[in-house]
Amino acid sequence: MATINDVARRAGVSIGTVSKYINGIKIREQNRVKVAEAVEALDYHINPYARALKTNQTRVVTVLLPNIAGIYYPLIIREIERILYTRDYMVLLMDTDSQFHLEQQKIRTLMEQLVDGFIVFPIDSRCENYQVILERRIPLCAVDMPLPGLSCTQILSDNVAAARDATRTLLGEGHRRIALITGDPDNTIAVERLNGFQMACREAGVEIPPEYILARGFREADGYEGARQILSLPQRPTALVACNYHTTLGAFQAIQDAGLSLSRDMRLVGFDYEALPKITRQPIGIVAQNIPEIAAATVRALLKQIRDPNLIGQAETIRIPTRYIPSPYSGAGRP
């Protein structure tokens, strides 16, 4: 089996030059070509265990997320993995099934494997599991859910502006009876989106009845039951905002089951599922998170910590703007 010495001799360069090439450090182009050809000709393979012992790095990043299902997580994980791969990093994906103690166990196990960093999509607003990572001086980025009690880099969508702008769109169409289905009151994303909704209504001088706001959860069943409850009110709203992918699907099903028309009786705005209007051919507005930029910002922040450990544990919040996608189909419900 070829060694680094064999590669250096065949390429006519020093061992140090080959080492720089292997570790992704820029070298002169003519040397890069020689080393690449030697690596290919000799079928040279890097010993990852030896490199880890020497550099204290494995070029492996762990991504922890509550649930691989749905639309949002697979798309953003795919983008994060793509970017990291171009920088010679591999991704180790862990699904915690939204269980706090399972997440805790997996983090403890992974910290012993010499991973270079963690990207976490929090289960909830508790910080204990992630604080342990910082105490071990391991680079960490938290994505998606705000964690006010954790001193690390957090990459978040601008949830307040997202819900505010979606609600402003409905207000601009003349709607005054607007309902909202959001997550549990302990969920910081749910709270931010509720704040954005209420902000837009206050600015327009529109008072929303308490029964028009349901904070029950982010599951499909929550969207369905919430929409069904709202639609059964004596004075039914003319528009509904569902604050994540799952509640959007549930709300859409409840509206359909109630025999209502989205082009005549009810206006629906949802989150994340950009293809839903095309699939259903219904006039549904969608608030879309900027997945490519969230992924890029996350990778940039994590690699900065890997290169400079002094940045580990420094609090920084990066907010990524969302965009509102109007329905390509006509009809908006009657105010």
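A: Let's start with helix α9, residues 188–203, which lies across β6 (178–182), β7 and β9 and runs at about 170° to β6. Helices (H or I, at least four residues) and strands (E, at least two) are DSSP runs, numbered from the N terminus. Angles go from 0 to 180 degrees between N-to-C directions, using lines fitted to C-alpha atoms, for helices over the stretch in contact. Contact means heavy atoms within 4.5 Å. Keep in mind that this is a predicted model, where local features need pLDDT of at least 70, side-chain atom pairs count only at pLDDT 80 or more, and totals for chains, interfaces and linings use all residues. Residues are numbered from 1 along each chain as its sequence is written, and side-chain values use heavy atoms, with hydrogens and water left out.

Another helix, α11 (residues 245–257), packs on the sheet too, touching β6, β8, β9 and β10 (284–288), and its direction makes about 155° with that of β9.

Now for the sheet itself: it's open, with six strands in the order β7-β6-β8-β9-β10-β12 and mixed pairing. Two strands pair if DSSP finds at least two bridges between them. β7 (213–215) and β12 (323–325) stand at the edges with a single partner strand each, so one side of each has no neighbour in the sheet. On average, neighbouring strands here are turned by 15° against each other, direction ignored.

Zoom in on β8 (residues 239–242) and β9 (residues 267–271): they pair in the parallel sense over three bridges. Leu240 has Leu268 in β9 as its bridge partner.
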